[in-house]
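Please read these notes with the structure open beside you. Each point takes up one topic.

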Number of protein chains: 2
Amino acid sequence: MPDSTALMTDHYELTMLRAALHSGTAQRRSVFELFGRRLPEGRRYGVVAGVGRALDLLERFVFDGPTLDFLQERGVVDDATLDYLSGYRFSGDIWGYAEGEIYFPYSPLVVVESTFAEAVLLETLLLSVLNHDCAVASAASRMTWVAGGRPCVEMGTRRTHEEAALAAARAAYVCGFSATSNLEAGRRFGLPTMGTSAHSFTLLHDTERDAFTAQVESLGVDTTLLVDTYDIAEAVAAGVEITGGQLGAVRLDSGDLGTLAHEVRRQLDRLGARETRIVVTSDLDEYAIAALAAAPVDGYGVGTSLVTGSGHPTSSLVYKLVAREGDDGELVSVAKKSQDKVSVGGRKFALRRLDDSGVAEAEVIGIGHPTAGDRNDRQLLQPLVRAGTITGRESLDLARERHVRAREELPLLARSLTKGDPVIPTVHD
Amino acid sequence: MPDSTALMTDHYELTMLRAALHSGTAQRRSVFELFGRRLPEGRRYGVVAGVGRALDLLERFVFDGPTLDFLQERGVVDDATLDYLSGYRFSGDIWGYAEGEIYFPYSPLVVVESTFAEAVLLETLLLSVLNHDCAVASAASRMTWVAGGRPCVEMGTRRTHEEAALAAARAAYVCGFSATSNLEAGRRFGLPTMGTSAHSFTLLHDTERDAFTAQVESLGVDTTLLVDTYDIAEAVAAGVEITGGQLGAVRLDSGDLGTLAHEVRRQLDRLGARETRIVVTSDLDEYAIAALAAAPVDGYGVGTSLVTGSGHPTSSLVYKLVAREGDDGELVSVAKKSQDKVSVGGRKFALRRLDDSGVAEAEVIGIGHPTAGDRNDRQLLQPLVRAGTITGRESLDLARERHVRAREELPLLARSLTKGDPVIPTVHD
């Protein structure tokens with residue numbers, strides 16, 4: 001990956017810049033807004049993730065020599081544009097919903113205010129990061145919520161692009177996953193990593209007992225043995241025996257997990273291995289996790305459905321010019337086809353309106369400053385970039401704590417997996 | 001991104017290695033196979049993509065100092081394993097279906113033969129690349145097929161992770177897309193890139209006419225004007241007038257595209273702009289493209305549904321140990337729970353069996369060498385890595401040509417978008 005992220009951009013952003021430089025409109029002050037017109041069908045809320053990644057990528061959004069050479073060779077832009085790009089650094093302001101925050105239709109997740117030239121180039125990169133990471137986070141949040149106190153581990157790397165996997169692990173952590181299987185995510189984002197063995201390890205050995213013995217000797221009795229390669233009851237018995245009853249956990253990766261968990265729990269208890277945990281994997285999603293709530297399961301490993309957003313691998317977020325400077329220097333609202341309330345100009349405010357008991361009741365969006373209102377209103381837009389300087393960095397653990405708080409503020413219906421409308425309405429003030 | 005790709009790996013691969021080094025089984029010669037048990041529901045065929053990317057990532061799969069430090073600090077492995085990893089280079093053989101090839105259930109897309117230690121570490125990385133890239137390619141192929149001779153342009157970057165977007169653009173090109181909007185994909189993979197303007201460019205200007213004039217002056221009359229910001233008929237008229245009838249193309253990005261295309265074609269012809277093309281975008285997928293076959297459309301831009309695999313963002317490919325050395329040094333077939341024909345040991349062959357007219361009639365898979373058979377059989381497994389040396393690199397254009405040939409070999413039913421079984425059966429010889 002080149003250090004510069006400037007070409008993670010659609011061709012048309014550069015040609016628009018070229019034409020705007022030509023027409024003298026490139027320097028018009030502009031406000032772009034990143035938002036979604038709807039949540040994925042039936043979802044009650046969405047979750048913001050990727051903010052920190054977007055800021056890191058923005059910092060590297062510069063047109064270095066090789067990048068300019070490429071644009072020149074391909075004839076994407078002319079000399080005047082190359083000249084402009086060689087000095088490009090985003091110098092405007094960016095506000096946004098903080099990582100881990102909840103969002104709803106028309107929530108202004110990101111607001112970019114700068115010249116047209118500076119802001120138009122960020123469209124694709126910001127959308128890529130947010131569309132992907134919010135999709136994973138929105139699915140992850142439902143999973144950890146229905147899992148209750150039971151830990152969820154992210155195991156989906158193999159089901160998605162190798163770099164998307166890292167972002168997915170990160171988004172899952174923000175939404176309460178306790179660990180990831182992905183080692184690079186552990187290194188890059190400081191996440192806890194976990195894993196012990198696959199079926200291939202058992203099959204490599206002459207007998208299952210040989211494999212278990214090797215694993216326990218090497219990784220300790222607190223390891224997790226995968227017990228469904230051959231006969232589960234035999235494997236559980238062998239695991240308990242080899243560890244002298246101290247086995248950390250068993251993993252079930254196939255079959256009817258609820259029934260099997262009950263059977264294995266009974267067997268473990270009978271053998272005196274009351275502390276041995278049962279973790280389950282195998283195509284879990286939020287619905288399967290919810291269905292296992294009454295089963296004696298101690299943890300979930302989630303792969304495919306997490307990294308693919310549980311049926312919604314992208315978030316339908318768009319990046320639209322909502323206002324730009326007119327000839328008189330004032331910001332003018334602009335919108336495709338017809339003016340409507342949701343695309344009015346100027347920098348917006350966004351509030352989560354809470355009732356007296358602290359439960360969210362509306363997403364309130366408007367222009368300028370909010371009318372003096374309810375003291376329970378919570379401001380949602382945070383400064384992320386001020387005059388080109390990134391100010392919005394924070395630890396993932398802060399985002400993780402924010403997510404729990406924001407989720408707990410929602411009406412209880414938000415936790416429902418049945419399809420329905422967003423759990424609170426979006427109100428344009 | 002670190003140069004080393006070695007941590008794009010699930011934690012458990014390292015712990016398995018650690019335990020196998022401990023038990024003395026790590027050096028057992030092993031055969032792993034990467035395959036899918038099924039195609040996405042209702043699909044007639046799948047398309048192989050990502051082979052070249054996998055080889056590039058494999059070349060960087062080395063445990064450098066920082067990588068070893070991380071594994072040591074986290075306590076993932078012990079000293080003996082660190083010692084092994086410090087000298088790790090894959091030194092075995094890899095065969096695989098070539099990029100652009102068609103595949104079916106149980107097609108052995110990749111076969112890895114080496115020690116267990118060397119091969120087990122590649123599980124996650126190979127699966128990530130193939131699961132993602134094949135999903136995009138399999139969708140892309142359906143789109144270009146139903147588009148017939150009309151060019152398709154990949155425009156989905158904003159809907160997926162910023163790095164996944166590059167792989168998606170590459171896979172789409174293999175499957176016949178003519179260009180991508182993604183500039184980095186243009187640089188990294190040498191793909192043609194395209195794009196002109198978005199609604200924000202029109203909205204930036206005081207009038208649509210100002211915007212069109214600026215674009216035409218800057219980019220030439222052969223540019224593509226986006227005509228649905230306000231009134232389409234007025235925009236088309238203005239575009240033709242400004243270009244003296246020489247306008248390259250108009251783009252429609254909303255509304256009922258079929259109806260609008262007919263109306264705009266009639267208007268363009270009436271204005272004498274018979275050479276002006278009409279390109280359409282806006283949530284297209286293979287079904288929408290097929291529905292527009294009779295409309296006067298000259299090209300398609302496809303985004304979301306392409307990069308998310310048109311409903312199937314991952315490919316359900318798995319990586320399984322199918323054989324390993326026994327005490328006598330011979331390869332022993334291994335399989336979870338029960339032996340079955342599809343997991344028999346040893347290196348497989350795979351053939352596309354063609355009838356006398358050259359139409360594919362079966363995917364034939366077996367062990368060892370194929371029985372002397374039909375001269376129309378086509379060998380599918382190509383050497384990709386020999387004794388650790390990468391031999392399978394090729395240009396994307398070769399893969400693109402291969403894809404067209406392989407697709408044309410299929411029974412015509414393969415082009416159908418109705419749900420059904422794979423278009424040819426998989427036969428175990």
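1. A residue is called buried when its relative accessible area is under 20%, exposed when that area is over 50%, and partly exposed in between. A:Thr426 has a relative accessibility of 22%, so this residue counts as partly exposed. Please keep in mind that the model is a predicted one.

2. Where in chain A is A:Thr426? This residue belongs to strand 19 of chain A, which covers residues 426-428. Setting aside residues up to four places away in sequence, A:Thr426 touches A:Phe104, A:Pro105, A:Tyr106, A:Glu363 and A:Ile365. With one of these, A:Pro105, there is a polar approach: a polar atom of the side chain of A:Thr426 lies 2.8 Å from the backbone oxygen of A:Pro105. As for A:Gly50, this residue is 376 residues from A:Thr426 along the chain, and the two C-alpha atoms are separated by 23 Å.

3. Is B:Leu122 buried or exposed? B:Leu122 is buried, because its relative accessible area is 2%, and the limit for buried is under 20%. The residue sits in the loop of chain B between helix 5 (116-120) and helix 6 (123-147).

4. Leaving out residues up to four places away in sequence, B:Leu122 touches B:Glu13, B:Leu58, B:Phe61, B:Tyr88, B:Phe90, B:Ile94 and B:Tyr319. Among them, B:Leu58 is 64 residues away along the chain, yet its C-alpha atom and that of B:Leu122 are separated by 8.1 Å.

5. Two packed helices are described by the angle between their axes and the distance between the axes. For helix 11 (residues 232-242) and helix 12 (residues 257-270) of chain A, the angle is about 35° and the axes are 10 Å apart. The crossing of helix 11 and helix 12 of chain A is right-handed.

6. Which residues make this helix contact? From helix 11 of chain A come A:Ile232, A:Ala233, A:Val236, A:Ala237 and A:Val240, and they meet A:Leu260, A:Val264, A:Gln267 and A:Leu268 of helix 12 of chain A. Sorted by class, the contact between helix 11 and helix 12 of chain A has 8 nonpolar residues, 1 polar residue and no charged residues.

7. The last point concerns the two chains.

Conventions:
Residues are numbered from 1 along each chain as its sequence is written. Chains are lettered from A and ligands numbered from 1 in the order in which they are written. This is a predicted model: local features need pLDDT of at least 70, side-chain atom pairs count only at pLDDT 80 or more; totals for chains, interfaces and linings use all residues. Side-chain values use heavy atoms; hydrogens and water are left out. Helices (H or I, at least four residues) and strands (E, at least two) are DSSP runs, numbered from the N terminus. Buried means under 20% relative accessible area, exposed over 50%, partly exposed in between (1.4 Å probe, protein chains only). Contact means heavy atoms within 4.5 Å. A polar contact is a pair of N or O atoms within 3.5 Å; within protein, one must be able to donate a hydrogen and the other to accept it, and residues adjacent in sequence count only if both atoms are side-chain atoms. Axes are lines fitted to C-alpha atoms, for helices over the stretch in contact, and angles run from 0 to 180 degrees between N-to-C directions. A crossing is left-handed if the near helix is turned anticlockwise from the far one by less than a right angle, and right-handed if clockwise. Ala, Val, Leu, Ile, Met, Phe, Trp, Tyr, Cys and Pro count as nonpolar, Asp, Glu, Lys and Arg as charged, and the others, Gly among them, as polar.
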